[in-house]
Amino acid sequence: MDTPKGNFGRHRKILPFEPGSADDLEALRRQSREKAAGLNQHVLGYGALAQSEWAASGIAAPDLPMMRRYRLDRIRAELRKRDLAGVLLYDPVNIRYATDSTNMQLWVAHNPTRHCFVATEGPVVLFDYFSCEHLSDHSGVVDEVRPAVSWMYLYSGELTDKKVRRWASGIVDLVREHGGGNRRIAIDHINPEGLAELERLEIDVHSGEAVMENARLIKSPDELLAMRRAIVACEAAMKEMHTALKPGISENELWAELHRGNIARGGEWIETRLLSSGPRTNPWFQECSSRVIEDGDLVAFDTDLIGPYGFCADLSRTWLCGDRRPTNEQRDLYRIAAEQIAYNLDLMQPSISFRDLSVRSKVPPADCFPTRYGVLYHGVGLADEYPTLPHAADWTDDTPDGVLEPGMVLCVESYIGRLGGREGVKIEEQVLITETGNEQLSTYPLEQALLAG
């Protein structure tokens, strides 16, 4: 994309700065914002590599303005259902869903600075980091950007209570102006000082997680196009990773290939470091290390990848390193995992209840059951999402039930490793629930060397 025209040509002399009139200063600020907005990563797009792969796969581009309107409609429908005046969002994934804008996603995930208020009958107001107004201008759904009042200890120290009062007064003003007398709002994540101050100001706070997880539950056609593209990008990076898998490479070096491939295609981050090899594959949940992968090792990983458009591609595979023939034990573990995935994927039909799905699912054999994966299925969208379905043996009276609906996307999981055994196998597929059944969105082939008899 060309640099926006204006006084910011490449030869413009910026310094020394001599302030002119207030109108001149405002015009300069406006030009600066327009320039930055035009060069936003979401405006520039994902680049030739990703675009060529999407063209080859035949996946059309999503209509992003329509997708953004759909998401806001979903949020506001949930707010109306719960008689709420609005929702205050701090989780960067929820802010992405509401505004389709990003800013230092991992940093703001643990530094509660950037936040957003979505009024049920009113504007979307984004409170952003200093001098970051341009980061949401592309979205078309953010009505106003205000500077965030950050009251975490990093900024406020022992004056946190004082800064909280200033922050809360701004939120209360929004509720008063746009709530129509309703002082009930939802918040997804908040520290106790903020909650206490809002309650002191007679704001009735409810669960923003409930609002947002239910809003995110059913994907629109455009969201599904974006997710399909994210999966194509992830699987292309997986192929590069697979090519790099040779005896002598370390787990960390192999995992870095997935990161590189994701970033090269405009992806955003990876939530975990779940890759292990050889004896580190049993039990599961070893994060990748400096261990050097040996000829004949199993290598298992879980992508947990946030790719293009902010969508999650959550896939697991287990590969065999090198040219050695797999052992009978390796093939047996792989067969059990592949059969469990195939059987349980077939059960994923519209209108089946969460409970029935868990009860009817194939589970690991007795010698592998103690090391089972923690869930059989979980929702996925911009990240792992509601619902999560445990094994029937792990179902408790506080496990929520529901039904699968068309437009939901879930991952089906299997980990197979014998208790006390040397190695284990991890497989996971991403699946769309349709009107008539399901569609497997992940397509990366299983390891033929391990499937062969």
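Reply: First, a definition: helices (H or I, at least four residues) and strands (E, at least two) are DSSP runs, numbered from the N terminus. This is a predicted model, where local features need pLDDT of at least 70, side-chain atom pairs count only at pLDDT 80 or more, and totals for chains, interfaces and linings use all residues. Residues are numbered from 1 along each chain as its sequence is written, and side-chain values use heavy atoms, with hydrogens and water left out.

Me: Which strand holds Leu298?
Reply: The strand in question spans residues 298–302. Leu298 lies in strand β9.

Me: Is Leu298 buried or exposed?
Reply: Buried means under 20% relative accessible area, exposed over 50%, partly exposed in between (1.4 Å probe, protein chains only). Leu298 has a relative accessible area of 0%. So Leu298 is buried.

Me: Which residues is Leu298 in contact with, leaving aside neighbours within four places in sequence?
Reply: Contact means heavy atoms within 4.5 Å. The partners of Leu298 include Ser276, Ser277, Gly278 and Thr281. Also among them are Thr318, Trp319, Leu320, Gln330, Glu423, Gly424, Val425 and Leu450.

Me: Where is Arg360, and is it buried, partly exposed or exposed?
Reply: Arg360 sits in helix α14, residues 354–360. Not counting residues up to four places away in sequence, it touches Tyr343, Leu347 and Ile352. Its relative accessible area is 47%, so Arg360 is partly exposed.

Me: Which residues have the most contacts inside the largest nonpolar core?
Reply: A nonpolar core is a set of buried Ala, Val, Leu, Ile, Met, Phe, Trp, Tyr and Cys residues joined through side-chain atoms within 4.5 Å. The largest one has 62 residues. Its largest share, nine residues, comes from helix α11 (residues 221–244). The residues with the most contacts inside this core are Ile75 and Val118.

Me: How many residues are in the other core that lies apart from it?
Reply: Its members include Leu217, Tyr334, Leu347 and Val425. The count for this core is 31 residues.

Me: What is the radius of gyration of the chain?
Reply: The chain has 15 helices and 17 strands. The radius of gyration is taken over C-alpha atoms, and the globule rule is 2.2 Å times the number of residues to the power 0.38. For 453 residues the rule gives 22 Å, and the chain comes close to this, so it is as compact as a globular protein of that length. The radius of gyration is 24 Å.
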